[in-house]
Amino acid sequence: MKTTLLSTVIAVALATAVSLPAHADDALPLSGPAYRLAEQAFSAYERGDYSSAYRQANEAARLRPDVVRLRLLKIYSLQKLGRADEARQQARSALDAGLKDPALPGLATAPAAAAGARAAPVARQTAAERAYQQSFAIATEAYTAYNNDQMTVAASKAEEAFRQQPQQGAWAMLWVASLEAQQQLEQADAAAATALQLGAPNVADLRAKRVALGRQRAVKPAQDGYQALIAQDFSAATGFAREAVARAPDVASHRLLLMTSQLLDGKLADAEQTADQALDNDADDTVALVMRAYLRQRQGNTVQANADFDAALKQDWLDSQQQRNVRLLAVDAAVAAGDRERATTLLAPLQADTLADEDEKNRQGIREAIAERAKAIHSARAGQTLTLQSYPAPFQQCRDTPYGTQCELMPADLQGDGGPAQRAYAAFGRQDYQKAITEARQAVQESPDNATLQALLTTTLAAGNRGQQGEALQRLETALAAHPDDAGLLMQRGYLNQAAREPALALADFRAAEATGKAPRTVVMDQAYASAAVGDQRQAVTLLRGAIDAADAGQLPLDKAQRYNTRSAIAGYSRDWGITASAGYRGSRQAATNLGGASISTPGASVFSTLEAFWRPQATNNQHGTLELYARIANTLYDEGGTFESLLFVDPCTGVETPDSRERAERLSRSRSVAGWPSTIGSFGARYTFGQSGFSVGLERRQFLGSATRRGGIYADSAAIRCQIQIESERPLQANLLARYRLDGSAGGWMTYATYGFYKGTGIRTDVSQWWTVSGYAQAGLSWDDNRAHFTVDALDANGEPSQRVSDSTGRLRRQQAFAAAELRAGRNYRFGADQTRWLLTPYVVLGADWQDQRSRVRGIDYPGIGTQSFNLSDTQRTWSLGAGPGLGLRYWFREDHYNAARSYLDLSVSYRFAIGGGDTQRAKGLFATATLYY
């Protein structure tokens, strides 16, 4: 890794002891505060600030007195400052402390400087010291060149410095790294070998580097070998593979390449010898063992082949699939040898295997392979000549891992009907991107000059992790530098930029690809999606409509699913407004509903409705999110109210309960219901959805339109206040006074909320008639209003009707409600009806929960006898509920045309929930029904 000049010099000087002579006793590297101080000290010395260098080096040496190079930096700084006596004393102190360095004795005996003159410490240095300082200066130039990407200069200077001071192993590594950065791998390997010959102390590092360089140098001949195999030039493939093995003898895949090339070239004995060498390198190499068994059986050496197969079957680290593959290959060898008994014995465990570890598709293929072998056993005969056709070689399945390329062998009939490229496409289609990358790499290895496979690998890499995406971009940049007008490469980079959420760059690439005249016609659709991502949805719609026209003319191939997806995209991109109307039936209101003073829970059955219109400004919508401005009205369509019976009076002063002596018919009362326009609340707001995250936030202004939303009764939450009112009125409050409020016509409030939702399988699918669906949301928010209110207190007559106004005052009413709600549904969609009639029937189970914290307070109400009062109202409460149950949904999609998929739907949903928790179970249980029209 490249660093700045300063960081490099410090790292070399402190971590690897290259800025000063090597010291055997510097066992522990610098770290923490000592490292930072040393870094500052060396930096100061480098720029000529010797005073700061001495001060910081002194502090670093105090923390790490065992580090010689810090002592030397102090001494050199003192010499530069003309303080020769102190420098000499510091050198003696270092020697007395047991520190060792070739420069210390000379520094400790340096002559004193003349009075009033600055010392010239370098004049008395030994030849070794002067040579070291000269080499250090050259090494510094090498690091500077390396940091400035001047690799030729860096390599030359590093070599010069190292050859002068061979004990400085880090300079040797710099020499090698500079050559490696220029891709001069041969020269880099030679430099590492030379450094070892000259006695560099970091032997392990240099040897490891040679191994790594060998692996890099082996890549090209290995690629050439695979290409030669494809061209069926087996002799050339063998030569390339030998070169790859020679450069990286520890890479098993190169030996397998050599083995395969020799096998296909008909040189079975040579291939067996290569397998022997592979096993000498790694006795547990299953692939080499099984390949040798096959090669031996091909040559008629059945006993030796059986021994190899048996040894492989005894390897207990193989998983069940690997064991199965080895056993099937051993059965094939036994059949080839005409050994029916051995073949039957080997096959028996597979016939009893339930294949529980395989998916259904693989399970069927393996069962067929086992059945075919059972048939082959009966016709097996000995003495036949074995060829690749009569006795196919094992199929090689290789993949890249953190430990290098790993290969497995399997019977040829289990390799599938496609090669690695097809498996890559299949894995990509099911979003198994790591598998797709592995298969694409293998495909490219087998055919490195195939532009389609190169594009496939880049596409799969672009869908991988961040590092793999970076590799994809690097591959494309390199390729486009050589072929800037290559439409395929431009398309690939466009896809990568799209995946990296750079739609403007993607759009430029797609347009450039189209300009070449060689891009596929589908590039128009790529441009459309990129245009939508940058916010130009109108252009996206125009392009997609053109794509459908081209498909109609036979100029652009679109199958049924692709056409439907294109029409769905048009329907989505062209929508900039919409209307949603919904009605819900249940025994209680939702937690987020607060209709201006009406209670949250209501007795009896009620129907609630909302009507909303929204607008999406096109200029604000792109890949980052969608802005919607909306207007909504909500009210109660029907509320049958409820009946309650008052059996007791409770004295607020004493808490004593007094039985109601009235007749039961008189005690029964019916709650008043509020429905229709009087219960209406209007809202104007904005909400923003963040990309495809499912997270949105909103803020709305609420206006109390209906008269019932601006009027209500007042009942104090505090028993003490109710008692005070009762005492001052000298009569029971419940029977004599009625306090009410009335808000102005302009009264309203605010609500803010955040929502997270996920919806999987809720749309229409044309490829299947039934599929699973899961959806859910979680929402939390706060609504509040603080309005001027007109308060009245009336005396009641014997019938409980207002008879006389006793107080009239002006104050304020503040209401606040924090709420949270969540719902999770899981079910299965069943699509039926004609092709253009989209009916969905969805049985499901639902789990719903809500929580609310409601607080109301009046200020300025005037009670007779006690004056102006402020107190909390009795609807102040905190409750939650939890319910679950089964449900059934029916949805009808409509408004389709030639260019647009269904843009509207009518949804009916009914569920019955059982309360399973919470303090207010009325909100969680009973029948729930909703009807929604989205237009």
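Modeller: Helix axes are lines fitted to C-alpha atoms over the stretch in contact, and the angle between two helices runs from 0 to 180 degrees between their N-to-C directions. The model to which this applies here is a predicted one.

Colleague: At what angle do α17 and α18 pack, and how far apart are their axes?

Modeller: The angle between α17 and α18 is about 155°, and their axes lie 8 Å apart.

Colleague: Why is α17 called roughly antiparallel to α18?

Modeller: Angles over 145 degrees count as roughly antiparallel. The packing angle of α17 and α18 is about 155°, which therefore makes α17 roughly antiparallel to α18.

Colleague: Which residues make the contact?

Modeller: On α17 they are R324, R327, L328, A330, V331, A334 and V335; α18 contributes R342, A343, L346, L347, P349 and L350. The crossing of α17 and α18 is left-handed.

Colleague: Which residues of α16 are buried, and against what do they pack?

Modeller: Buried means under 20% relative accessible area. The buried residues of α16 are A305, N306, D308, F309, A312 and L313. They cover an arc of only 160° around the axis, which puts them on the same side of α16. Their packing partners are α15 (286-298), α17 (320-337) and α18 (340-352).

Colleague: How do you know that the span of helix α27 agrees with its 16 residues?

Modeller: At 1.5 Å a residue, α27 (residues 537-552) should span 22 Å; its end C-alpha atoms are 23 Å apart, which agrees.

How values were computed:
Residues numbered from 1 in each chain as written. Predicted model: local features only at pLDDT ≥ 70, side-chain atom pairs only at ≥ 80, totals over all residues. Heavy atoms only, no water. Buried < 20%, exposed > 50% of the residue type's maximum accessible area, 1.4 Å probe, protein only. Helix = DSSP H or I, 4+ residues; strand = E, 2+ residues; numbered from the N terminus. Arc of directions from axis to C-beta. Contact = heavy atoms within 4.5 Å. Parallel < 35°, antiparallel > 145°, perpendicular 65-115°, else oblique. Left-handed = near helix turned anticlockwise from the far one by under 90°. Expected span 1.5 Å × (residues − 1).
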